[in-house]
Amino acid sequence: MKFILCFARLFVTLQPEMCTRDDLKVDLKGLQEAVTVFRYHLTDDYFEAIDAPDVREGELDVTLTVRKASQFFELDFHTEGIVHVMCDLCLEDMEQPIVSDDHLLARFGDTSLDEGDDVVTVDENEGMLDTSWLIYEFICLTIPIKHVHAPGKCNAVMSKLLSEHSAARSSEEEGEQQIDPRWEALLKLKK
């Protein structure tokens, strides 16, 4: 019995400590290996460079594995680290852990055609795929809709104001629970 073993050569690119948008561009036309791995360390400079609307600070490590096939490229992103977001209760910054594994396909072709959510079309003449915004979208999709400090970690002053406001609001709502006299007469008919 014959065993055929295929080994894909692995090419690792380590990016410098400060990562710019140009560092996050992948030259798909220039890839010679079957599997290429890129590692990026993203800091606050990254969020500033892409002019991120929701997340402004963080420190993340991204591993991008590109598998070259005949018609397309498989891109696997593994993102791990921490971003700073605003707490929904006390409005102070909080650390939100991020762990994300995402998969995309890329192909050369007409960029005006919409392929769908998991296929990216790259202009063949250019051959460059800018992953900076893709990585940012993966980060944002990992952040929960509601982000709140762990119990007891919120700003004490803001928590007190919130509870006072909530208590005042509850008492107002209880006062509003009285039934309108017009409806009260209808309730008597119902009984």
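This is a guided tour of the structure above, stop by stop.

**Before you start**

The model is predicted, so local features are taken at pLDDT of at least 70, side-chain atom pairs count only at pLDDT 80 or more, and totals for chains, interfaces and linings use all residues. Residues are numbered from 1 along each chain as its sequence is written, and side-chain values use heavy atoms, with hydrogens and water left out.

**Stop 1: the whole chain**

Show the chain as a cartoon. It has four helices and eight strands. Helices (H or I, at least four residues) and strands (E, at least two) are DSSP runs, numbered from the N terminus. Follow the elements from the N terminus: β-β-β-α-β-β-β-β-β-α-α-α.

Now switch to a surface. The chain exposes about 13,300 Å², and carbon and sulfur atoms supply 54% of that area. Accessible areas come from the Shrake-Rupley method with a 1.4 Å probe; for residues, only the protein chains shown count as cover. Of the 191 residues, 31% are buried. Buried means under 20% relative accessible area, exposed over 50%, and partly exposed in between (1.4 Å probe, protein chains only).

Contacts come next. A contact means heavy atoms within 4.5 Å. Among contacts between residues at least 6 apart in sequence, 58% join residues at least 24 apart.

**Stop 2: Thr 65 and its neighbours**

Select Thr 65 in strand 4 (residues 57-68). Its relative accessible area is 15%, so Thr 65 is buried. Which residues does Thr 65 touch, not counting those up to four places away in sequence? Select Val 35, Thr 36 and Val 37, then Glu 74, Leu 75 and Asp 76.

**Stop 3: the aromatic pairs**

The structure holds six aromatic pairs. Rings of Phe, Tyr and Trp (its six-membered ring) pair if their centres lie within 6.5 Å; planes under 30 degrees apart count as stacked, over 60 as edge-to-face and the rest as tilted.

Select Phe 47 and Tyr 136. Their ring centres are 6.4 Å apart and their planes stand at 70 degrees, so this pair is edge-to-face. The pair links distant parts of the chain: Phe 47 is in helix 1 (residues 44-49) and Tyr 136 in helix 2 (residues 132-142), 89 residues apart. Both Phe 47 and Tyr 136 are buried.

Move to Phe 77 and Phe 138. This aromatic pair is tilted, with 5.1 Å from centre to centre and 55 degrees between the planes. Phe 77 lies in strand 5 (residues 73-86) and Phe 138 in helix 2, so the pair ties together parts 61 residues apart in sequence. Phe 77 is buried at 2% relative accessibility. Phe 138 is buried too, at 11%.

**Stop 4: the salt bridges**

Side chains of opposite charge can pair when their charged atoms come close. A salt bridge here is a side-chain nitrogen of Lys or Arg within 4 Å of a carboxyl oxygen of Asp or Glu. How many salt bridges does the structure hold? There are two.

Select Arg 67 and Asp 76. Their closest N and O atoms are 2.5 Å apart. Arg 67 is partly exposed at 34% relative accessibility, and so is Asp 76 at 22%. Asp 76 is also one of the residues that Thr 65 touches.

Arg 56 is partly exposed, at 46%. Asp 51 counts as exposed, at 54%.

**Stop 5: two positive phi angles**

Stay on Asp 51, in the loop between helix 1 and strand 4. Its phi is near 55 degrees, a positive value in a residue other than glycine. Then select Leu 91, in the loop between strand 5 and strand 6 (93-108). Phi of Leu 91 is near 65 degrees, again positive in a residue other than glycine.

**Stop 6: the cysteines**

A disulfide is a pair of cysteine sulfur atoms within 2.5 Å. A search of the whole structure finds zero. Select Cys 90: the nearest cysteine sulfur, that of Cys 87, is 3.9 Å away. Cys 90 is buried, at 3% relative accessible area. Cys 140 is partly exposed, at 22%.

**Stop 7: a nonpolar patch**

Return to the surface and select Ile 179, Trp 183, Leu 186, Leu 187 and Leu 189. Together they form a nonpolar patch with about 550 Å² of accessible area. Patches are made of residues with over 30% relative accessible area and no salt bridge: like charges are joined within 9 Å, nonpolar side chains (Val, Leu, Ile, Met, Phe, Trp, Tyr) within 5 Å. Finish on Leu 189 in helix 4 (residues 181-190). Leu 189 is exposed, at 71%.
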